[in-house]
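Q: Hi! Could you walk me through this one? I'd like to start with the overall picture and then get into the rings.

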Amino acid sequence: MQLNKRGDYLQPSVKEVNQEVHQRRWLIFTVLNIFTFMATLDASIVNIALPTISKQLGLAFASSQWIVISYLLTICTVILFFGKLGDMFGKINVFKWGSILFIIGSFLCGLSTSLSLLVISRIIQAFGAAMTMANSQGIVTEIFPVKERGKALGLIGTFVSLGSITGPSLGGIIISSLGWEYIFWINIPIGFIAIALAWKILPKDVTITKTKIDVAGSLLFSFAIILSIGGLLLGQQYGYSNWYIITSIIIGILTFISFIIVEYRKESPMLELSIFKNPLFSISIFCAFIVFIANFCFNILSPFYTQDILGMSALHSGYILMLFPITMAIVAPLSGALSDRISGQAITFAGLLVMIVAQIGLTFLHEGSTLTSLALWIIMLGASTGLFQSPNNSLIMSTVERKQLGIAGSINSLVRNLGMVVGISVATSILFSVMSMKAGYRVTALIPGRPDIFLSGMHVVFLVSSSLCFVGLLLTGWRYMTSRKVVAKKS
């Protein structure tokens, strides 16, 4: 893989896409990102609606968590498969049908009158989301010239993170105004417009790889994710000393090891392990994983802090939390455009540095914190995410061969959703563990009249998430210095 003068890796040159597609590239990009935004939004928007949904459907809080878990777990399970399918049958074809399935799932979610119907509808919705997520980045990389690729992929990162982080704030506003059904139904009119545009303006697929579906690899990966991640999530509710949960996690890990062995020996694997031999790709993917863990620690705790500790309504909580996506929306496009001119690695390093400061700042929040201090740390967190995501997405997608764009995009989407799941698990597990130690008994919910116990747990969560970001900072710094040395030797 070649390095440019800034120390970034360059994708091998390919023939330019036809002029008509080139002229419509930003319109195509807009259609793709409508679904990118909606698919990632629906991973987080349900969190703030769970108390309302639980009351109206008569659910226990622990049971209502499956409304969130079923969506994220399904995406993690099938996203690599749809990335491979995109390489085989066309990324645009898979994306189109995924967009339709997502809208159908959204419609059914709003009609659901029981937990089982809602979970089934969420799984249908997640299949559609996975089909769009797995292929959107590969499509963008194909249709944009190298000089604009950083900006375009950076903007995808903006839509992804905006969708992920806007959930609690937008959800609070919608629930207060319309009702919980509309957090799903809001997708339908927007989705119909996007689907009509997609069928009209999306071009035919440029790159299709002739290969077979890896049935063994697909099944092993699905079981590994369901058993290990499912066990991890159930452990929060029932405790990690439960033998069923321990067994599930162990079998899941062993199944994943079997998956790696099978993929290594396959001639046409679902996951080409050679893609991870590129250190820039691997480090960039790992850092993306860390950032989504850190952001979802904030995402899952911030509604509890603003509503239960500061006493805000869901509506006002939504307004203050909107500072994160608004700041990110301003910074990320600038960061993506800047990464086309200077080293994207330097910008990701700066983003992680600011993120560490913001995460540590969150540990100083308390029961009497002012809105000004809360707003400051939220704005810093949004700015740091915007700085990081755009160039990091560009680095990930510009390091692989054209025929691997589908699988690279799906890996990127996979680690994003895994980061969300692990972030939820890390945040709640640490929070309730610390709260249990402070209370002297097992705690799985907020204790009325004891904000000090919640704040103790919240502070530890943010210290852990800032430590994870520090690991990413070290890796990014090492990557940047190594690439600079390679460039210096060549010049």
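Predicted model: local features only at pLDDT ≥ 70, side-chain atom pairs only at ≥ 80, totals over all residues.

Q: Great. What does the secondary structure come to?

A: The protein has 18 helices and two strands.

Q: And how much of the protein is buried?

A: Of its 491 residues, 59% are buried. The accessible surface is about 19700 Å², and carbon and sulfur atoms account for 69% of that.

Q: What about contacts between residues at least 6 apart in sequence?

A: Among those contacts, 84% join residues at least 24 apart.

Q: Okay, on to the rings. How many aromatic pairs are there?

A: A search of the whole structure gives eleven. One of them is F221 with F259, whose ring centres are 5.2 Å apart.

Q: Why does the F221 and F259 pair count as tilted?

A: Their planes are at 55°. Stacked needs under 30 degrees and edge-to-face needs over 60, so an angle in between is called tilted.

Q: Where do F221 and F259 lie?

A: F221 is in helix α10 (residues 215–238) and F259 is in helix α11 (residues 243–265), so the pair ties together parts that are 38 residues apart in sequence. Both F221 and F259 are buried.

Q: Nice. Which residue pairs with F276?

A: That would be F281, in an edge-to-face pair with 5.7 Å from centre to centre and 65° between the planes.

Q: Is F276 buried or partly exposed?

A: F276 is partly exposed, with a relative accessible area of 34%. F281, on the other hand, is buried at 0% relative accessibility.

Q: Which rings form a cluster?

A: F81, F82 and F127 are linked into one by ring pairs.

Q: What sits over the ring of W199?

A: The charged end of K96 does, 5.2 Å from the ring centre.

Q: Switching topic: how far does helix α9 reach?

A: From its first C-alpha to its last, α9 (residues 187–201, 15 residues) spans 20 Å, which is close to the 21 Å expected at 1.5 Å a residue.

Q: Which residues in α9 are buried?

A: Those are N187, I188, G191, A194, I195, A198 and I201.

Q: Last one: how many disulfides are there?

A: The count is zero, where a pair of cysteine sulfur atoms would have to be within 2.5 Å. As for individual cysteines, C76 is buried at 0% relative accessibility, and C109 is buried at 0% too.

Terms used:
Residues numbered from 1 in each chain as written. Heavy atoms only, no water. Phe/Tyr/Trp six-rings, centres within 6.5 Å; stacked < 30°, edge-to-face > 60°. Helix = DSSP H or I, 4+ residues; strand = E, 2+ residues; numbered from the N terminus. Buried < 20%, exposed > 50% of the residue type's maximum accessible area, 1.4 Å probe, protein only. Lys NZ or Arg CZ within 6 Å of the ring centre and 35° of its normal. Contact = heavy atoms within 4.5 Å. Areas by Shrake-Rupley, 256 points an atom, 1.4 Å probe, with all protein chains shown as cover. Expected span 1.5 Å × (residues − 1).
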